[in-house]
Amino acid sequence: MSPSTTVSPFTGTYSADPDHSSVAFAVRHMGVSTFRGSFAQIEGSVAVLDDGALELTGAAQASSISIVSPVDFRNHVLGADFFDVEHHPAIAFESDPAHPNADGTITVEGRLTIRNVTHSVVATGTWSAPVEDPYANMRAAIELTTIVDRRDYGMTWNAPLPKGGDALGTDVTLTVHLELVGD
């Protein structure tokens with residue numbers, strides 16, 4: 001749908017409820033399975049523009065990654081080969097104005113920054129209109145998915161498998177679920 005035919009039941013601004021929101025990633029491992037992880041410390045907001053378009057911003061603290069043990073594995077992922085949290089503690093996203101479609105879908109274009117490298121991404125997903133919770137707060141949700149090539153963000157580490165191929169895939173699926181509370 002074109003922006004002129006979209007409908008936005010959102011008004012005002014919304015902040016992500018960190019207890020009910022998530023940022024997760026998934027990447028192929030050893031060519032046979034998918035390794036999944038997430039970040040515990042996230043923040044996000046959605047502002048509604050005059051024309052009903054939404055602007056999303058968000059960040060995740062890389063050190064809050066769900067990998068806890070083994071410690072060597074955690075240190076490797078947080079180290080220079082991957083997130084390099086000593087120099088780049090956060091992952092960030094900032095969208096262009098996005099128009100929610102009447103059928104509950106949304107496409108969001110924006111800029112994703114990892115390791116101080118920024119690339120344009122397109123994420124697709126769904127939105128849920130605001131409803132009142134038992135405490136008189138307005139809550140809504142947006143869930144988005146995109147795929148990025150980790151090498152574009154300087155995460156080039158890999159190890160060859162004995163019979164060909166690599167230990168770690170290059171495409172990473174990012175899934176963001178924001179339960180939003182109206183400000």
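Which residues have the most contacts inside the largest nonpolar core? The views below take this up, starting with the core itself.

**View 1. The largest nonpolar core has 41 residues.** F39, L54, L56, I65, F83, L112 and I142 have the most contacts inside it. A nonpolar core is a set of buried Ala, Val, Leu, Ile, Met, Phe, Trp, Tyr and Cys residues joined through side-chain atoms within 4.5 Å. Buried means under 20% relative accessible area (1.4 Å probe, protein chains only). This is a predicted model: local features need pLDDT of at least 70, side-chain atom pairs count only at pLDDT 80 or more, and totals for chains, interfaces and linings use all residues. Residues are numbered from 1 along each chain as its sequence is written, and side-chain values use heavy atoms, without hydrogens and water.

**View 2. F83 and its contacts.** Contact means heavy atoms within 4.5 Å. Neighbours within four places in sequence are left aside. F83 then touches F39, A62, I65, V77, L78, H88, I91, I114, R115 and M155.

**View 3. S64 sits in a loop.** The loop runs between strand 5 (54-61) and helix 1 (71-78). Helices (H or I, at least four residues) and strands (E, at least two) are DSSP runs, numbered from the N terminus. S64 is buried, with a relative accessible area of 11%.

**View 4. S64 meets Q41.** A polar atom of the S64 side chain lies 2.9 Å from the backbone nitrogen of Q41. Leaving aside neighbours within four places in sequence, S64 is also in contact with S38, F39 and A40, among others.

Key: Buried < 20%, exposed > 50% of the residue type's maximum accessible area, 1.4 Å probe, protein only. Polar contact = N/O pair within 3.5 Å; in protein donor to acceptor, adjacent residues only side chain to side chain.
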